[in-house]
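Please read them with the structure open.

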Amino acid sequence: GHFTWHSHKECDEIFIVHKGKMGIDFRDGFVELNESEMYVVPKGKEHKPFAENVCEVILLEREDVINTGEVQNEFTKEEEEWI
């Protein structure tokens, strides 16, 4: 499904698609990612990740980053799964 519009003012966010495919909407366009592809969303860039079907994504961001940026809603995670 669709995530929420958000941005991270202080750091980049890295998406790596492990299985399936996903997209990332931006206010001025979008990017589509297939298996084994990676994309870096620059800090401050508003974006909305989405997937039409289930996919596996590795997401890299700093430990102190809130997953929805400054937006607080049903997608906001209090505790992330850290590896």
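Are K48 and D25 buried or exposed?

1. Both are buried: K48 is, and so is D25. Keep in mind throughout that this is a predicted model. K48 and D25 form a salt bridge, with the closest N and O atoms 3.9 Å apart. The cut-off for a salt bridge is 4 Å. The pair links distant parts of the chain, with K48 in strand β5 and D25 in strand β2, 23 residues apart. The two residues also stand opposite each other, D25 facing K48 in β5.

2. Now the strands that carry this pair. Strand β2 covers residues 22-26 and is joined to β5 by four bridges. The two strands run antiparallel. They belong to an open sheet of three strands, ordered β3-β2-β5, with antiparallel pairing. The edge strands are β3 (29-33) and β5 (47-50), and each pairs on one side only. From one strand to the next, the twist averages 15°.

3. Next, the other salt bridges. A search of the whole structure finds four. One of them joins the side chains of E46 and R27, at 3.0 Å from N to O. E46 lies in the loop between β4 (38-41) and β5, while R27 lies in the loop between β2 and β3, so this pair ties together parts that are 19 residues apart in sequence. E46 is partly exposed, at 31% relative accessibility. R27 is exposed, at 57%.

4. D28 and K45 also meet through their side chains in a salt bridge, at 3.3 Å from N to O. D28 sits in the loop between β2 and β3, and K45 in the loop between β4 and β5. They are 17 residues apart, and the pair links distant parts of the chain. D28 is exposed, with a relative accessible area of 61%. K45 counts as partly exposed, at 29%.

5. Which residues make up the largest nonpolar core? There are nine: F15, V17, M22, I24, F26, V31, L33, V41 and A51. The elements giving two or more residues to this core are β1, β2 and β3. β2 gives the most, with three residues. In soluble globular proteins, nonpolar side chains tend to be buried together.

6. Leaving out residues up to four places away in sequence, F15 touches M22, I24, L33 and V41, among others. Its contacts also include E37, M38, Y39, H47 and P49. V57, I58 and L59 are touched by F15 as well.

7. K19 is placed in strand β1 (residues 13-19). K19 is partly exposed, at 43% relative accessibility. Beyond its neighbours within four places in sequence, K19 is in contact with E35, C55 and E56. The C-alpha atoms of K19 and V57 are separated by 7.1 Å, although these residues are 38 apart along the chain.

8. Last, the cysteines. How many disulfides does the structure hold? It holds zero. C11 is buried, with a relative accessible area of 9%. C55, one of the contacts of K19, is partly exposed, with a relative accessible area of 23%.

Definitions and conventions. Residues numbered from 1 in each chain as written. Predicted model: local features only at pLDDT ≥ 70, side-chain atom pairs only at ≥ 80, totals over all residues. Heavy atoms only, no water. Disulfide = S-S within 2.5 Å. Buried < 20%, exposed > 50% of the residue type's maximum accessible area, 1.4 Å probe, protein only. Pairing = 2+ DSSP bridges. Axes fitted to C-alpha atoms, helices over the stretch in contact; angles between N-to-C directions. Contact = heavy atoms within 4.5 Å. Core = buried A, V, L, I, M, F, W, Y, C linked by side-chain atoms within 4.5 Å.
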